[in-house]
Amino acid sequence: MRTPLLLVACLCLCVEAQGALRTTGGLRKGEKRQVGMSGEGALLRRFKRGWMWNQFFLLEEYTGSDDQYVGKLHSDKDREDGTVRYVLTGEGAGSIFVIDENSGDLHATRRLDREEKAFYTLSAKAVDKFTGRDLEGPSQFTIKIHDINDNEPKFTRDPYTASVQEMADVGTFVVQVTATDADDATYGNSAKVVYSILQGQPYFSVEPETGIIRTALPNMNREVREYYQVVIQAKDMAGQMGGLSGTTTVNITLLDINNHPPRFPQGVYQFSISESSDPGSVIGMLRATDADTGRNAEMEYTIMDEQDMFQISTNHRTQEGVITLRKHLDYEKKRTFSLRVQVENVYLDPRFHSRDSFRDTATIKISVEDEDEPPTFLHPAYVMEVKEDAKIGTVIGSVRAVDPDANRVPVRYLIDWHTDMDHVFNIHPNNGSVYIARPLDREEHAWHNISVQAAEYNNKISHVPVYVRVLDVNDNAPTFDTTYEPLICENVKAGQRIQTVSASDADQPTGGHRLFFRLPPEASVKANFTVTDNKDNTASIVTQRSGYSSLQRGTYLVPVVITDGESPEQSSTATLTVLIVVLFAALRRQAEKMEPLIMSKEDVRDNVVSYNDEGGGEEDTQAFDIGTLRHPEVVEDSAHRRDVVPEMLYPPGRWAVGRACDHTDVRDFISQKLQENDCDPTAPPYDSLATYAYEGSGSVAESLSSLQTHSSQGLQDYDCLSDWGPRFKKLADMYGGEESDRDS
């Protein structure tokens with residue numbers, strides 16, 4: 001049975017323990033003898049172990065020069081004959097703690113700090129020095145570092161910053177400070193901290209146990225003193241003599257409250273402004289004082305008098321009252337103004353004062369300075385009227401301007417010629433009378449906008465607009481709206497309206513235009529045409545007889561008298577040209593002028609050539625009658641060409657007469673046309689399709705087709721087309737003036 005290792009501890013407080021406790025041998029109380037199966041009993045002994053220390057105590061911060069003795073380890077197996085060796089393992093074994101392997105004495109080799117490590121756990125055993133056999137198994141023990149008061153209290157912050165409202169009640173909470181002590185709080189008073197105030201009395205106090213700082217003086221005024229610095233001490237050992245201490249600084253600011261009203265530094269303020277200043281001009285600024293700060297010092301300025309000439313506003317950045325002008329000033333009318341201005345806080349604290357005590361008033365006197373002003377017109381604008389037939393020199397109105405200054409300098413008038421480039425008007429320089437300098441014409445300019453200047457001797461000039469309205473006078477005769485050239489046929493009926501004409505008048509009568517139309521008396525006798533007034537400023541031209549011959553007379557001039565009925569009455573005679581028309585047209589062979597049927601060089605496909613003959617109109621019921629081509633004999637002998645004058649009216653020597661296809665078969669007719677196309681040098685060099693059709697009859701203009709012609713050449717005299725007016729100009733250009741061709 002193993003004998004336990006005895007650990008002998010040394011209480012190193014004051015006295016070193018001597019000796020060791022051992023277990024004693026022999027059968028003692030409680031021993032039992034074990035009886036074997038053979039009946040022979042073996043003596044069983046239960047050894048009572050000696051007292052075993054499982055803990056050593058060692059003071060921290062040892063300052064001696066030798067190793068610090070911890071205690072002694074001893075085993076009952078050690079007969080002190082040098083055969084036992086003690087072995088130490090665990091935390092700090094061999095470095096911090098060493099053991100004498102022969103005696104079992106345990107020492108600390110260096111200075112220890114409990115705040116760094118509070119205890120160490122180690123193991124020890126006894127070993128036979130010669131065999132290496134364990135005489136005692138490992139026995140675990142603890143070395144606890146005993147605390148001493150070697151750490152002063154430390155505050156969690158340094159400095160502290162706090163604030164409290166001014167005028168706060170005594171005992172108002174400000175801030176709580178906290179200090180900690182690294183010493184062992186479970187051993188003595190080394191870590192027991194109390195607080196005290198070293199600086200900051202009598203304004204503040206601190207609670208010793210909690211570190212709470214409170215106000216200690218009533219009615220602390222921020223405007224008197226705003227910042228305080230308080231020094232707080234924390235001391236361990238419950239504040240007893242010899243305890244360690246630490247300090248911190250607490251910076252305390254008194255917060256502002258609105259406990260001071262705004263005040264004007266002076267009771268009367270003087271300002272001046274020129275009378276020529278524009279509305280919105282700043283006259284001056286004034287500022288009240290307020291001992292408070294921030295929003296508690298925000299102010300609002302108002303004018304107490306009922307007036308609309310000035311206004312005051314608050315500059316919220318500078319807290320100044322800005323006085324500005326609202327209307328134009330006139331030194332000659334009023335030279336001084338007196339205003340009563342009030343200032344008050346915007347945000348009030350009802351705990352201290354009533355609202356009325358937070359107001360103040362001051363008087364503002366404003367002087368208007370005289371300014372040499374330009375002349376002033378009595379009206380901002382003038383409107384004048386004059387008839388357009390007024391004579392040169394006629395006065396149409398007058399303007400007036402005066403010098404607003406007290407000395408009343410004379411004024412001269414003139415027209416700004418930039419506004420009257422044509423110099424239509426002029427003005428008398430002394431009295432301002434405006435008169436006509438050039439003739440007027442309302443139809444050219446109904447309004448004239450000019451500018452009149454009024455100037456003093458010192459070149460002070462002002463302007464006023466003058467609007468001149470030119471009144472209408474009935475001085476223009478009505479005229480046709482356009483040129484009228486109606487066309488009529490020879491077979492027109494009597495009473496047929498051939499044209500509606502309208503007229504206009506450049507004048508503008510108040511009741512509107514009412515124009516009258518009639519024939520002049522000299523044209524009413526044996527008139528071919530008459531004029532019917534439609535009573536809506538238009539008239540109808542109506543034929544008086546039937547049957548007109550263009551050969552006898554191709555043109556008629558119809559005079560129309562137009563009157564306006566105003567006073568004085570204006571009238572004019574307009575002429576209407578009536579053309580008697582018989583429409584003749586023929587297709588002319590001009591091979592040298594004909595364009596190729598195919599214009600595009602790239603198009604080599606078969607083409608369809610359209611023979612674009614005009615039909616006879618809506619009454620044409622025989623158009624494209626292919627039966628006529630198949631049976632040309634059905635064409636009457638008297639059926640002459642409609643696009644030329646009948647040959648019987650002219651000598652046979654002048655007009656070539658012939659029929660292209662009388663009594664011929666359709667096949668021969670088509671063959672002839674085909675031959676003509678084949679021989680045509682302008683025909684395309686590839687197959688093409690030519691279409692021929694017979695045109696019908698019945699149109700008033702009759703047919704332009706060449707299928708029923710008496711002459712293949714169609715030689716006619718078309719010079720008369722030039723006399724038929726602009727409507728036939730194109731035909732005249734196409735067919736007229738070709739005598740050389742016809743003669744050939």
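At 13% relative accessibility, F480 counts as buried, and Y484 gets the same label at 10%. Buried here means under 20% relative accessible area, exposed means over 50%, and partly exposed is in between, with a 1.4 Å probe and protein chains only as cover. Before going further, the model is a predicted one: local features need pLDDT of at least 70 and side-chain atom pairs count only at pLDDT 80 or more, while totals for chains, interfaces and linings use all residues. Numbering runs from 1 along each chain as its sequence is written, and side-chain values use heavy atoms, with hydrogens and water left out.

Now to the rings. A pair of aromatic rings is described by the distance of the centres and the angle of the planes. Rings of Phe, Tyr and Trp (the six-membered one for Trp) pair if their centres lie within 6.5 Å; planes under 30 degrees apart are called stacked, over 60 edge-to-face, and the rest tilted. By this rule the count comes to twelve aromatic pairs. One of them joins F310 and F337, whose ring centres are 5.0 Å apart with planes at 75°, so the pair is edge-to-face. F310 sits in strand β23 (residues 310–315) and F337 in strand β25 (residues 336–345), so this pair ties together parts that are 27 residues apart in sequence. Strands are DSSP runs of E with at least two residues, helices are runs of H or I with at least four, and both are numbered from the N terminus. F310 is buried, at a relative accessible area of 2%, and F337 is buried too, at 13%. Back at F480 and Y484, the ring centres are 5.1 Å apart and the planes stand at 85°, so that pair is edge-to-face as well. Elsewhere, Y203, F204 and Y228 make up one aromatic cluster.

Patch members have over 30% relative accessible area and no salt bridge; like charges are joined within 9 Å, and nonpolar side chains (Val, Leu, Ile, Met, Phe, Trp, Tyr) within 5 Å. The nonpolar patch consists of V383, W447 and Y467, with about 320 Å² of accessible area together, a Shrake-Rupley figure from a 1.4 Å probe. V383 belongs to strand β28 (residues 382–387) and is exposed, with a relative accessible area of 59%. The negative patch brings together D389, D422, D441, E444 and D475. D441 is found in the loop between β33 (433–436) and β34 (447–455) and is partly exposed at 33%.

The peptide bond from D158 to P159 is cis, with omega near 5°, and P159 is in the loop between β11 (154–155) and β12 (160–165). Another cis bond links S567 to P568, with omega about -5°; P568 falls in the loop between β42 (555–563) and β43 (571–581). As for phi, N219 has a positive value near 55° despite not being glycine. N219 lies in the loop between β17 (212–215) and β18 (227–235) and is exposed, at 55% relative accessible area. H423, also a residue other than glycine, has a positive phi near 55°. H423 is placed in the loop between β31 (412–415) and β32 (425–427) and is partly exposed, at 39%.

Terms used. A salt bridge is a side-chain nitrogen of Lys or Arg within 4 Å of a carboxyl oxygen of Asp or Glu. Lys and Arg count as positive and Asp and Glu as negative; His and the chain ends are not counted. The place of a charge is taken as NZ of Lys, CZ of Arg, CG of Asp or CD of Glu.
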